[in-house]
Amino acid sequence: MASPRADVPSKIILSASDLHRVVDRIAHQILEKTSGATGTVLLGIPTRGVPLARRLADRIHAFEGIDVPVGSLDITLYRDDLRLHATRALGKTELPGGGIDGRRVVLVDDVLYSGRTVRAALDALNDEGRPSSVQLAVLVDRGHRQLPIRADYVGKNIPTALSESVRVSLTETDGLDEVKLTGGDDL
Amino acid sequence: MIKHLRSAADLDAATATLILDTAGEMAALAGREVKKLPTLRGRTVVNLFYEDSTRTRISFEAAAKRLSADVINFSAKGSSVSKGESLKDTALTLQAMGADAVVIRHPASGAPHRLAAWVDGSVVNAGDGTHEHPTQALLDAYTMRSRLGRLEGLKVAIVGDVLHSRVARSNVLLLTTLGAQVTLVGPPTLIPIDIAAALSPATKVSYDLDSVLPDMDVVMMLRVQTERMQDSYFPSAREYSRRYGLDLARMRKLPGHAIVMHPGPMNRGMEIAPEVADSSRSTIVEQVANGVSARMAVLYLLLGGKA
């Protein structure tokens, strides 16, 4: 990752140890709300939702010895803003063996913002099969929803201004664990 | 991303690899219950075919429809072309109808290049004369990569009528870009003397199929175009088959992992023996399935973003 520019103010929202605690808590909440994660599948949304989903599964395994199937769901082909940008490269979609029919799917993403990514994910899921229910887990909810969508599990609510941006870094993709708020004038 | 796909030479290694990777994701989606994707909703793809074609036209049609584009099929037979309309006037008609992409097959080499100047949308070459057929090369490269795991350093023999083959030309260009080593094999009359130099200096030429086989990872057999048979490029079909046809005895000279490809339609018993075409080394049926994925990747990458 490029180092942040010196003239852009930034603030660390979650340090590495905060982030680990938050993932632990979400893992516990998933266990609690899904009565022991039975019939549950974790699907990460690329890029950073995928390692997060894997971490949640690892923590659930560490706490209860349960193996929750993990996969990834790429939503690029379902985006509603394709025509606004240059063509995007596709991410990987890998559903765990046994698929998602009749199972409880927990979608995992790093940041919940407009809700459009989740909308696209729900459409993509609809073409993959018919889960018994769908839940959403996010590391950060930064507000500013443009669609009637909410998360079932939230790591941290961060009130933001539209001019700010939330940067999630994970060891798997960026070499360190950290959540940062950058930009805006009120920092 | 590029705007048109007129030649395999339009693609640098990064872009070609992006298309192959995208094709891989498209192929993974083909196993689902609902194969359709909403990605190109509201876009129009025109299939403009001045030559007969089954698999290429159907393949492009399936690819565009799986991405939810509207498809208009236009074949020269039964259209204003048979009344003498020129390519340019047809192009202007398509332009007025708002085609986002035109997939063109034309007997004249270079027709897609001319067309690209007359329409605002993307132009995809689906075979022009004896020039190029880039999406065939992409699906061939994709097939090689998925069977053998890589393209870099692969040894590929392209065997047969190289002179008239747009498949051969596009494959040489693309495979060389992606780091494979191509050997063209055929009778001297069907391999233009300076073709290797013209296409890529790394390309080798051989007139002896038996001597190259033990070294190859891939053998791609080209169709003997029966319409050329009258032109005396070789003495007889039987002699051609004897020297350049891939039969079982020849197939056994290949290394154990090597694959046999054919772009189709094939003449069984002529350039390829039926037992070879149906063997486990043959990727002929896979190539057809991969064709849809490769063309979906091309249409997505050309039309999926900001115009």
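This is a predicted model: local features need pLDDT of at least 70, side-chain atom pairs count only at pLDDT 80 or more; totals for chains, interfaces and linings use all residues.
Leu199(B) counts as buried, because 22 C-beta neighbours lie inside 10 Å and 20 or more are enough for that label.

**Leu199(B) and its surroundings**

- Leu199(B) has its place in helix H7 of chain B, which covers residues 195–199.
- Apart from neighbours within four places in sequence, Leu199(B) is in contact with Arg169(B), Val172(B) and Leu173(B).
- Thr176(B) is 23 residues away from Leu199(B) along the chain, and the C-alpha atoms of the two are separated by 9.3 Å.

**The largest nonpolar core**

- The largest nonpolar core has 142 residues.
- Val102(B), Ile158(B), Val219(B) and Leu299(B) are the residues with the most contacts inside this core.
- Helix H12 of chain B, residues 284–303, supplies the largest share of this core, namely ten residues.
- Which residues are in contact with Val102(B), leaving aside its neighbours within four places in sequence? They are Val46(B), Leu48(B), Leu94(B), Leu115(B), Val119(B), Gly121(B) and Val123(B).

**Ser293(B) in helix H12**

- Ser293(B) is found in helix H12 of chain B.
- Ser293(B) is buried, because 26 other C-beta atoms lie within 10 Å and the cut-off is 20 or more.
- When neighbours within four places in sequence are left aside, the contacts of Ser293(B) are Ala23(B), Met26(B), Ala27(B) and Ala30(B).
- Ser293(B) and Arg55(B) stand 238 residues apart in sequence, while their C-alpha atoms are 13 Å apart in space.

- Helix H1 of chain B, residues 13–29, packs with H12(B) at an angle of about 120 degrees, and the axes are 8 Å apart.
- From H1(B), the contact with H12(B) is made by Leu18(B), Ile19(B), Thr22(B), Ala23(B), Met26(B) and Ala27(B).
- From H12(B), the residues in that contact are Asn290(B), Ser293(B), Ala294(B), Met296(B), Ala297(B), Val298(B), Tyr300(B) and Leu301(B).
- The crossing of H1(B) and H12(B) is right-handed.
- Helix H5 of chain B, residues 134–148, packs with H12(B) at an angle of about 115 degrees, with the axes 8 Å apart.
- H5(B) passes H12(B) in a crossing that is right-handed.
- On the H5(B) side, Thr135(B), Leu138(B), Leu139(B), Asp140(B), Tyr142(B) and Thr143(B) take part in the contact.
- The residues that they meet in H12(B) are Glu286(B), Gln287(B), Asn290(B), Gly291(B), Ala294(B), Arg295(B) and Val298(B).

**Helices H3 and H4**

- The axes of helix H3 (residues 87–96) and helix H4 (residues 111–118), both of chain B, come within 9 Å and cross at roughly 45 degrees.
- The crossing of H3(B) and H4(B) is right-handed.
- Leu87(B), Lys88(B), Ala91(B), Leu92(B) and Gln95(B) of H3(B) meet Ala111(B), Arg114(B), Leu115(B) and Trp118(B) of H4(B).

**Backbone details**

- Most residues other than glycine have a negative phi, and most peptide bonds are trans.
- The peptide bond from Pro46(A) to Thr47(A) is cis, with omega near 5 degrees, and Thr47(A) is found in the loop between strand E2 and helix H2 of chain A.
- The peptide bond from Gly264(B) to Pro265(B) is also cis, with omega near -10 degrees, and Pro265(B) lies in the loop between strand E9 and helix H11 of chain B.
- Ala37(A) has a positive phi, near 60 degrees, and lies in the loop between helix H1 and E2 of chain A.
- Ala37(A) is buried, with 25 other C-beta atoms within 10 Å.
- Ser68(B) has a positive phi, near 70 degrees, and is found in the loop between helix H2 and strand E2 of chain B.
- Is Ser68(B) buried or partly exposed? Ser68(B) is partly exposed, because 15 other C-beta atoms lie within 10 Å, a count between the cut-offs of 12 and 20.

Key. Residues are numbered from 1 along each chain as its sequence is written. Chains are lettered from A and ligands numbered from 1 in the order in which they are written. A nonpolar core is a set of buried Ala, Val, Leu, Ile, Met, Phe, Trp, Tyr and Cys residues joined through C-beta atoms within 7 Å. Helices (H or I, at least four residues) and strands (E, at least two) are DSSP runs, numbered from the N terminus. Two residues are in contact if their C-beta atoms, placed from the backbone, lie within 7 Å. Axes are lines fitted to C-alpha atoms, for helices over the stretch in contact, and angles run from 0 to 180 degrees between N-to-C directions. A crossing is left-handed if the near helix is turned anticlockwise from the far one by less than a right angle, and right-handed if clockwise.
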